[in-house]
Amino acid sequence: MEAYRTQNRFLNSEIHQVTKIWRKVAEKERALLMKCAYLQAKNCQMESKYLAGLRRLQEAMGGEASECSELLRQLIQEALQWEAGDSSADSVVLSPVSEYDEYGFLTVPNYEVEDLKLLAKIQALEVHSHHLLAHEAVERPLRERWAALGELAPSAELKQLLRAGVPHEHRPHIWRWLVRFRVQHLQAPGRYQELLSRSQACKHPAARQIELDLNRTFPNNKHFTCPTSSFPDKLRRVLLAFSWQNPTIGYCQGLNRLAAIALLVLDEEESAFWCLVAIVEVIMPADYYSKTLLASQVDQRVLQDLLSEKLPRLMAHLGQHRVDLSFITFNWFLVVFADSLISNILFQVWDAFLYEGTKVVFRYALAIFKYNEEAILRLQDGLEIYQYLRFFTKTICNSQKLMNIAFNDMNPFPMKQLWQLRTAHRERLEAELHELEQFKAEYLETRTCQGPAVPESCTSEDEGDLEA
């Protein structure tokens, strides 16, 4: 017995020593991975600066024909031909920027204009750099919080987690819960299949427009451009089913992108269909996707008021150059930034949007302008501002910074104020539309009374044909 006790003490001591060594090795490995991630992030930043430098040189030299300009052209061509490798399966991604992200979007969009290609490459490197630097500090603790959350229920904790963004592996489950939470009063067993059967039995008037828009859906996403992909067929069925679900809308341009985003995350047709129903019939105000787009127009006026309150310098600058922001922002609201933001930021916006509603869209719209405020203020020409606004959302790479601006810097942001502004602008817009309808009616009545008179000096087309 004494011998066994001695042996046991020895073995325990050995196990203790081995455990200490294992812990030290694990800590050292983690430190090395962090150092490697930091170095790779710095490398991305250096490459980004190199490409930005090439772009500035290109702008400065213009079309000058010289040996230097030829060398510059070759360097730019080499930079744009760079092929990114596939991502490693390691939990800490220590690899070059992959060609496609986890949702199938091109990491470096294939723009036709060389300048935009350079910008896209710079942006991809910066996004990768931010991701590597934020992994240990932000993403790992966030994943641990999501894993410890347990059963989902509305709470302040859930709201904060959704604002910070749902990890890729948890997102399908979280979105399904959010959609069910929104449409539980509308859902009925077999409803989606019933609508599909109806769409197959009878062709909806919106079917032609749906077919046209299928080919325009996310041209930079492999799931919608690959000939063998099942996503276009799924999207077609979801949109046709919705056209019968809501005959007052049927189909509106933009619904294809909302449904496509839902499909990329949820994959299942029925879940994507109910996500589309949740957005159009529950989250967004009535008339948002109607023929008049009344509520959408109202929100553009509300946004102008909020921008004047939160960013007065910027609005004064835009007013001075007669820039109408609704040309840019109308689509943001209609498709919830689906065409505007890079994918990792886009899905983070949707995480909060599906829980909190349209207030999130206003917060992020304001944050986007705040994020780029200084760059816009430096522009001193209306045309130059419009050109910048066409692509400036794609230059936003730091999701953490944008999120902090949206949910901290834009405070206070009471829902009561939003509803008051919407009510006031809706009344004004309805009055304007009513007045316009009266003008139209008066004009038509006047034309009817006058009759189809033709001046004597003019001949009709038929008379001309007869003379000929």
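This is a predicted model: local features need pLDDT of at least 70, side-chain atom pairs count only at pLDDT 80 or more; totals for chains, interfaces and linings use all residues.
Residues are numbered from 1 along each chain as its sequence is written, and side-chain values use heavy atoms, with hydrogens and water left out. Local features need pLDDT of at least 70 and side-chain atom pairs count only at pLDDT 80 or more, whereas totals for chains, interfaces and linings use all residues.

Helices are DSSP runs of H or I with at least four residues, and strands are runs of E with at least two; both are numbered from the N terminus. Buried means under 20% relative accessible area, exposed means over 50%, and partly exposed lies in between (1.4 Å probe, protein chains only).

Positive phi values occur at two phenylalanines. Phe218 has phi near 45°, a positive value in a residue other than glycine. Phe218 sits in the loop between α7 (207-214) and α8 (222-225). The residue is buried, at 5% relative accessible area. For Phe337, phi is near 65°, again positive in a non-glycine residue. The loop between α14 (326-335) and α15 (343-356) holds Phe337. Its relative accessible area is 0%, so Phe337 is buried.

Two prolines were also examined. A cis peptide bond joins Asn411 to Pro412, with omega near -5°. Pro412 belongs to the loop between α19 (399-409) and α20 (415-450). Pro205 lies in the loop between α6 (191-201) and α7. With a relative accessibility of 76%, Pro205 is exposed. The C-alpha atoms of Pro205 and Gly250 are 8.2 Å apart, and 45 residues separate the pair along the chain.
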